[in-house]
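Hi,

Here is the structure I promised to pass on. My notes on it follow below.

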Amino acid sequence: MEKNPKSLLSDLINMVMADGKIKTSEIEFIKKLAKRMDISNTELLALFENPQPSRPVYSEVERITHFYKLILMMKIDNETHETEIVALKNFGLKMGIRPIVADQILKKLEQSEEKMVPAEELLKIFKIYYN
C-alpha cells in the first residue's frame, strides 16, 4: 500500500499538467488509482486544485514503483512532450534517480509492443546505474 497516497496522486497530477493539457485518459487513470487508495472524488478534486508537495520516497522499491507510475502517467495519452520529459527527470532527481535511467526506461517502453516494462527489466536498468 502506498505510504503517501495523496503525495503520489499529486505527483501524477503535476505530471499530467506538465504539458498544459489534461486528457480524459489521464483523469481516468488517476481516478482508478485514487479509488484503489480509498481517496474520495472530493479529496481528488481538492488535489487537482491544490496538489500536495512531493514527499521523500525512502525504499528502493518504493522509488522505482513511484517513478514508474510517473512514466506510465506521462505515456497514458500516447503523446510525450518535452515538458513532460523534463518534469519526469526533475521528479527523478528529487528521488535520487539519474536522468539516464529515465532515458533507458523510456527507450524500453518505446520498444515494447505492450507499452510496458516488466518488473525484471526495470530492476536490471536500476541495477546497471546503481550497483
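A cut-off first: a residue counts as exposed when its relative accessible area is over 50%, and as buried when that area is under 20%. Bear in mind that this is a predicted model.

**Two loop residues**

By that cut-off aspartate 38 is exposed, because its relative accessible area is 65%. Aspartate 38 sits in the loop that links helix H2 (24–36) to helix H3 (41–49). Its backbone deserves a look. Most residues other than glycine have a negative phi. Aspartate 38 has a positive one, near 60°.

Asparagine 78 belongs beside it in these notes. Phi of asparagine 78 is also positive, near 60°, and this residue is not a glycine either. Its loop runs between H4 and helix H5 (82–94). With a relative accessible area of 71%, asparagine 78 is exposed.

**Helix H3**

Which residues of H3 are buried? They are Leu44, Leu47 and Phe48. Their arc around the axis is only 100°, so they lie on the same side of H3. The spacing fits the general rule. An α-helix has 3.6 residues a turn, so residues three or four places apart point the same way. Thr42 and Glu49 are exposed on the other side of H3. The cover over the buried residues of H3 includes helix H1 (5–17) and H2.

**H4 against H7**

Two packed helices are described by the angle between their axes and the distance between the axes. For helix H4 (residues 60–75) and helix H7 (residues 119–130), the angle is about 115° and the axes are 11 Å apart. H4 and H7 are therefore roughly perpendicular to each other. Their crossing is right-handed. From H4, the contact takes in Ile64, Phe67 and Tyr68; from H7, Leu122, Leu123 and Phe126. That makes six nonpolar residues, with no polar and no charged ones.

**H6 against H7**

H7 also packs with helix H6 (residues 99–111), at an angle of about 150° and with the axes 10 Å apart. H6 is therefore roughly antiparallel to H7. This crossing, too, is right-handed. On the H6 side, the contact residues are Ile100, Val101, Gln104, Ile105 and Lys108. On the H7 side, they are Glu121, Leu122, Ile125, Phe126, Tyr129 and Tyr130. The contact of H6 with H7 divides into eight nonpolar residues, one polar and two charged.

**Leucine 122**

Leucine 122 is listed in the contact with H4 and in the contact with H6. Its place is in helix H7. Is leucine 122 buried or exposed? It is buried, because its relative accessible area is 6%.

What does leucine 122 touch, once its neighbours within four places in sequence are left aside? Its contacts are Ile64, Tyr68, Ile105 and Val117. Ile64 and Tyr68 are in H4, and Ile105 is in H6.

One distance to finish. Leucine 122 and isoleucine 27 are 95 residues apart in sequence. In space they are 25 Å apart, C-alpha to C-alpha.

Best wishes

How values were computed
Residues are numbered from 1 along each chain as its sequence is written. This is a predicted model: local features need pLDDT of at least 70, side-chain atom pairs count only at pLDDT 80 or more; totals for chains, interfaces and linings use all residues. Side-chain values use heavy atoms; hydrogens and water are left out. Axes are lines fitted to C-alpha atoms, for helices over the stretch in contact, and angles run from 0 to 180 degrees between N-to-C directions. Helices (H or I, at least four residues) and strands (E, at least two) are DSSP runs, numbered from the N terminus. Angles under 35 degrees count as roughly parallel, over 145 as roughly antiparallel, 65 to 115 as roughly perpendicular and the rest as oblique. A crossing is left-handed if the near helix is turned anticlockwise from the far one by less than a right angle, and right-handed if clockwise. Contact means heavy atoms within 4.5 Å. Ala, Val, Leu, Ile, Met, Phe, Trp, Tyr, Cys and Pro count as nonpolar, Asp, Glu, Lys and Arg as charged, and the others, Gly among them, as polar. Buried means under 20% relative accessible area, exposed over 50%, partly exposed in between (1.4 Å probe, protein chains only). The arc is that of the directions from the helix axis to the C-beta atoms.
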